Amino acid sequence: MSCRTTPPYPSRSTPLLCLPPPGTPLPSSFSLCPCPAAPPLPLGMAAFVPGAAAALGRGTFLGSSAVAAAPPTPRASVAATRRAAALTMEADGSGAEGGAQYAVGDIPDVLVSILERKADEVAALKAEVAAAGDAHPIAVLLASGAPRSKAFVSALRKPPGCLAVIGEIKRRSPSKGLISDIKDPALLSRHYNEAGAAAISVLTDGPGFGGSMADLEAVVKEQARKKGQYPGPSVVLRKEFIIDPVQIAEAAVAGANAVLLIVAALGEARTGELLAETHRLGLDAIVEVHDEPELAAAVAVGAEIIGVNNRDLRTFEVSLETAERLRAGIPEGVVAVAESGIEECLDAWRVRDMGYSAILVGEALVKAADNSKTDGHSYSAGYNNAKGLIKAFLAKGSVKYGPSTTAAFFGKGEGAKESLGEMTV
Ligand SMILES: O=P(O)(O)OC[C@@H](O)[C@@H](O)c1c[nH]c2ccccc12
């Protein structure tokens with residue numbers, strides 16, 4: 001049987017036959033699509049070595065050691081960028097040691113203001129930890145480090161043809177404003193988990209994304225309740241603009257398994273430092289990139305998980321072409337995550353076929369889970385929609401798909417088929 005999940009994909013505007021009309025008899029026999037294992041991916045990184053990245057003539061990255069030496073630029077935001085970067089580097093007395101910082105591009109404006117805010121948040125957190133003395137759990141962890149469990153990276157590593165879903169708890173964003181009034185992040189994470197999400201991403205930034213450390217703690221606590229059950233807990237990502245080890249320690253103390261490191265915000269040297277700190281503190285990191293120079297930086301620092309953000313933070317445009325273009329540059333053995341703009345199962349299958357091991361989905365899931373008409377703590381049909389969508393993302397044998405809402409509902413069955421492997425009815 002042919003596999004309609006392989007390219008070329010129908011365009012979204014093509015009306016998709018998703019279901020037979022009610023009453024149509026099911027075919028007497030079908031089998032799961034034996035999608036062939038993804039072909040070996042070429043290692044295209046030769047073109048992306050750090051030196052070559054500089055030669056691409058991008059703007060100047062103003063982080064780390066480059067802060068002092070950076071040439072003047074007309075962008076008004078640069079002063080703010082420089083301040084944020086300088087504060088970041090000074091915060092723990094570290095910074096890039098020598099060496100030329102190659103270009104990773106100007107920091108997008110949206111990040112500049114967030115990073116300024118983060119520098120203030122970090123200063124406040126450090127003051128709080130210092131005031132509490134050496135016994136503060138963050139101080140203890142920073143002093144001693146912790147063994148790595150690698151639980152997060154293991155949960156995301158999937159064989160070719162399979163996907164891990166990272167379901168995000170996302171209330172709002174700078175580009176979209178309010179997305180969903182999530183009243184009970186823990187309950188939403190329970191539904192994500194029951195549907196088969198390998199991981200939960202919790203945004204902890206308040207002003208930009210409506211999240212908090214309380215959300216993270218609630219989700220960690222909820223997932224911990226699943227220990228020893230089937231399915232077991234989903235691992236948890238602290239989705240934050242990390243600029244300093246103290247935030248990583250804060251994430252670990254709250255029970256997160258991983259943090260996000262955004263190369264566009266940090267540059268190569270600082271990403272490398274914070275990645276090493278992340279591992280020293282026992283956690284894993286998704287290193288996020290959006291273009292070739294950033295990918296080169298992620299590879300150069302030895303990222304074990306690389307997230308390709310399909311959203312351009314300069315224009316907010318989302319295109320899965322970004323995931324497609326960058327996939328060949330992600331070395332074998334590194335877990336590849338496609339982030340942003342995955343709206344329906346076709347998108348998920350498309351990036352799966354590109355060779356991505358995991359997808360990070362926010363808006364589509366929280367909108368499907370809409371519980372604006374309930375108190376958010378009790379049953380809501382929206383939760384089922386979100387679950388169905390996750391199962392549809394995970395399905396690999398489906399030849400039936402359609403607009404998200406329909407696929408969401410019927411995706412439940414498709415997910416079940418996959419978990420049983422090959423079968424006939
Ligand atoms: O809501 P979406 O389009 O499914 O995107 C989720 C996630 O990728 C996005 O929230 C994200 C990706 N990288 C980030 C960095 C910071 C904040 C948010 C993000």
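Both faces of strand E7 are covered: Asp-284, Ile-286 and Glu-288 are buried on one side, as are Ala-285, Val-287 and Val-289 on the other. A residue is called buried if 20 or more other C-beta atoms, placed from the backbone, lie within 10 Å of its own. The strand, residues 284–289, is thus described as mostly covered, with six of its six residues buried. Strands here are DSSP runs of E of at least two residues, and helices are runs of H or I of at least four, numbered from the N terminus.

The model is predicted; local features need pLDDT of at least 70 and side-chain atom pairs count only at pLDDT 80 or more, while totals for chains, interfaces and linings use all residues. Residues are numbered from 1 along each chain as its sequence is written.

E7 pairs in the parallel sense with strand E6 (residues 258–262) over five bridges, pairing requiring at least two DSSP bridges between the strands. Val-259 has Ala-285 of E7 as its bridge partner. E7 also pairs in the parallel sense with strand E8 (residues 305–309), over four bridges, and Val-287 stands opposite Ile-306 in E8. From E7 the chain crosses through helix H12 (residues 292–300) to E8 in a right-handed β-α-β crossover. Right-handed denotes a clockwise path from the first strand over the helix to the second, with the strands pointing away from the viewer. Another right-handed β-α-β unit consists of E6, helix H11 (residues 263–280) and E7.

The ligand is surrounded by 14 residues, the closest being Glu-339, Ser-340, Leu-360, Gly-362 and Glu-363. Strand E10 (358–361) and helix H15 (363–368) each give two or more residues to this shell.

Note on methods
A residue is near a molecule or strand if its C-beta atom, placed from the backbone, lies within 6 Å of it. A residue is buried if 20 or more other C-beta atoms lie within 10 Å of its own, exposed if 12 or fewer, and partly exposed in between; C-beta atoms are placed from the backbone.
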